[in-house]
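Visitor: I am new to this structure. Please show it to me before we talk.

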Amino acid sequence: MMRKIVTASVLTLGLGMWGCSGGGYSSGSPDSPTAPTPMTVNGLVTINIVAINGAQSFSPNPATLPAGQVIVWHNVDNTTHRVVLNDRSVDTGNLAPGASSQPTAIGAAGAQYHCSIHPEMIGSLNQDTPTAPPAPSY
């Protein structure tokens, strides 16, 4: 029961912040080649399932995450979806409208995923690689 309350609270807070911030992520400068970074709430990153629309089915997509990041997929669409990593290491099970997956840690490498009910729905997770500070000039 407590886990459901905590999950519901995290999702409610996350969706509220997402709505108030114009999408929940920042894409950086217009020239930035990096993918948007999804919003993190209490250590969880939420990726929304928004529609059956190819690579535009998930938001953000692609998502850039640090290695080992814990994520949840939240179904904001009006139909059931099932997110599966292409290597089959993660399967959310069916997610009814309004439902969220269990928190899932993603490994060190990036990953491709899709909806197994609607295979045209595709997404990807990219690993955030920290940039080294500039070398001092002497």
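Visitor: Is threonine 104 buried or exposed?

Guide: This is a predicted model, where local features need pLDDT of at least 70, side-chain atom pairs count only at pLDDT 80 or more, and totals for chains, interfaces and linings use all residues. Residues are numbered from 1 along each chain as its sequence is written, and side-chain values use heavy atoms, with hydrogens and water left out. Buried means under 20% relative accessible area, exposed over 50%, and partly exposed in between (1.4 Å probe, protein chains only). Threonine 104 has 16% relative accessibility, so the residue counts as buried.

Visitor: Which residues is threonine 104 in contact with, leaving aside its neighbours within four places in sequence?

Guide: Contact means heavy atoms within 4.5 Å. With those neighbours set aside, the partners of threonine 104 are Gln69, Val70, Ile71 and Val90.

Visitor: Which side chain meets aspartate 91 in a salt bridge?

Guide: A salt bridge is a side-chain nitrogen of Lys or Arg within 4 Å of a carboxyl oxygen of Asp or Glu. The structure holds 1 salt bridge. Aspartate 91, at 43% relative accessibility, counts as partly exposed. Its side chain meets, at 2.8 Å from N to O, that of arginine 82.

Visitor: How many residues has the largest nonpolar core?

Guide: A nonpolar core is a set of buried Ala, Val, Leu, Ile, Met, Phe, Trp, Tyr and Cys residues joined through side-chain atoms within 4.5 Å. Among those with the most contacts inside the largest one are Ile47, Phe58 and Trp73. The number of residues in this core is 18.
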